[in-house]
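Student: I have a new structure open and would like a walk through it. Can we take it piece by piece?

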Amino acid sequence: MRTVIASKKPAWITLAVALVFHTLLLSAQTSKRFDTSFVRVWLLASLGPFEKVVDSSVGGIENIWRGYIGLIHVRRDNEKLLSENGQLRMELAQKSEDALELARLRKLLDLQATSIGKTVVARVIGKDPSQGGQNMTIDKGSQSGVGRDTTIITRDGVVGRVIASSDYFSVVQLIIDSQSAVGFIVRSSRRLGILRGTGGTELEMEYIDDDNDIKQGDELITSGQDQIYPKGLPLGVVLSVGPRQGNFKVVRIRPNVNFGRLEEVLCMTDHLPEVPAGQAP
Amino acid sequence: MKNRITTYGLVGKFAISLIAVVVIQGILAYRIRVFGYFDLPLILSVYYGFTLGRPIPSVVIGTTIGLLQDSLSNVPMGTNGFSKTLIGYLAASAGSKFDVDLPVTRAIAIFLFTVGDGFIISILGLMTGSASNSGIDVLWNWLVAGVFNALLGMLMFGYHDRVTHAAS
């Protein structure tokens with residue numbers, strides 16, 4: 001089976017050198033004495049293009065296949081869509097009237113039209129290659145204004161933040177990652193707190209004692225107190241308020257974003273400290 | 001001159017396979033959820049360790065593939081590098097001393113290397129303050145990943161054997 005017979009060179013020296021190199025690299029990052037982020041950025045810049053090419057190819061094949069399968073049901077779907085279209089036209093006409101009325105009222109109240117700020121659309125091209133990792137790679141980097149701590153969102157809510165970026169690619173830490181923490185406010189009671197990722201598909205609240213009014217179904221939004229995520233973005237819904245474990249209760253949260261189906265995301269390259277109510281995408 | 005070209009070709013082949021494995025792992029884990037349990041870089045480290053039977057190239061391969069994996073992960077650079085280096089060396093040492101031709105031996109080896117890899121990464125995570133989950137869930141993940149990797153590893157080694165036999 002082996003193609004080459006064992007080397008006579010002192011292999012353990014190579015092993016020792018490699019292990020010392022990794023230890024020094026880890027130590028430099030832990031002590032923050034040296035900035036080693038260039039190693040990650042350089043490797044990300046080298047791997048990114050390969051990841052994008054392979055992802056595009058796989059995506060292309062997937063689209064062709066889906067398109068073929070989709071043709072089978074196209075007639076039935078077309079009839080259904082035509083019917084829906086008529087209904088939506090009626091609703092749209094009604095909404096247009098509402099929008100005009102809202103604009104008039106805004107003018108009366110001297111309010112300015114607001115938005116969530118400047119965003120860039122990015123495509124997800126890969127996931128964390130480590131076992132159990134909760135990060136993803138996107139195809140936008142510093143050339144598009146995406147840098148460390150850029151907030152990543154979808155129309156459903158917060159996805160995560162950028163932890164490393166090269167010119168054209170970035171690595172995003174998802175809020176469900178076990179090392180992630182986000183400041184939150186309960187929308188109804190205005191209670192503040194910290195959400196932590198579990199490494200699975202849910203989030204958990206930290207430091208919740210018996211003296212709390214959090215209940216199942218409560219909606220959570222970002223508090224902005226972590227200085228990373230702007231205030232007012234939807235985070236998730238309280239799934240269960242569990243029994244006390246140690247000093248605190250276990251409160252599980254279902255995130256608004258379906259992390260298993262992320263394809264495109266928005267990178268908030270420039271945003272207000274607070275996202276106005278109703279303006280979240 | 002011909003030797004130099006052969007060496008460049010060999011290095012190129014290794015480089016392409018290392019990059020391909022990390023990229024494919026990232027894309028498959030994103031598109032197919034269950035693929036998150038597999039660790040292709042680990043299987044490749046063991047594969048080269050066993051088939052080459054030479055510790056020095058295996059250490060270089062383990063170091064390179066680990067660093068590539070770290071660059072797309074949220075762990076400090078060097079975490080997977082450290083682990084895969086050690087695994088590459090141990091696999092090469094085992095490959096040169098023991099008979100690793102039996103599918104069962106290979107499967108058990110990959111299973112143990114997967115658990116060992118998880119253990120080393122957790123220890124390094126605790127030391128650097130970047131530890132992810134701990135407890136029974138992590139242990140369960142290691143065991144499931146070990147079984148998945150062992151099965152995939154057996155398929156890959158089986159394919160390698162068929163190709164080698166067909167060529168000889």
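Student: How many bridges join strand β10 of chain A to β11(A)?

Tutor: 7 bridges join β10(A), residues 234-245, to β11(A), and the two strands run antiparallel. Strands count as paired if DSSP finds at least two bridges between them. Helices (H or I, at least four residues) and strands (E, at least two) are DSSP runs, numbered from the N terminus. This is a predicted model, where local features need pLDDT of at least 70, side-chain atom pairs count only at pLDDT 80 or more, and totals for chains, interfaces and linings use all residues. Residues are numbered from 1 along each chain as its sequence is written, while chains are lettered from A and ligands numbered from 1 in the order in which they are written.

Student: What do β10(A) and β11(A) form?

Tutor: A hairpin, with 2 residues between the strands. A:Gly246 sits in the turn and has a positive phi of about 75°.

Student: Which residue is the bridge partner of A:Val238 in β11(A)?

Tutor: A:Ile253. In β11(A), A:Ile253 also stands opposite A:Leu203.

Student: Which strands make up the closed barrel?

Tutor: It has 6 strands in chain A, in the order β6-β7-β8-β11-β10-β9, with antiparallel pairing. The twist averages 45° from one strand to the next. Angles run from 0 to 180 degrees between N-to-C directions, and axes are lines fitted to C-alpha atoms, for helices over the stretch in contact.

Student: Why is α4(B) called roughly antiparallel to α5(B)?

Tutor: The axes of α4(B), residues 79-97, and α5(B), residues 103-128, come within 9 Å and cross at roughly 150°. That angle makes the two helices roughly antiparallel. The label is for angles over 145 degrees; under 35 is roughly parallel, 65 to 115 roughly perpendicular, and the rest oblique.

Student: Which residues make the contact?

Tutor: Among them are B:Phe82, B:Leu86 and B:Ile87 of α4(B), and B:Phe113, B:Ile120 and B:Leu124 of α5(B). Two residues are in contact if their C-beta atoms, placed from the backbone, lie within 7 Å. By class, the contact has 10 nonpolar, 5 polar and 1 charged. Ala, Val, Leu, Ile, Met, Phe, Trp, Tyr, Cys and Pro count as nonpolar, Asp, Glu, Lys and Arg as charged, and the others, Gly among them, as polar.

Student: Last one: how many residues does each chain give to the contact of A with B?

Tutor: Chain A gives 48 and chain B gives 51. On the chain A side, α1 (11-31), α2 (37-72) and β1 (118-127) are among the elements that each supply at least two residues. That side has 21 nonpolar, 19 polar and 8 charged residues.
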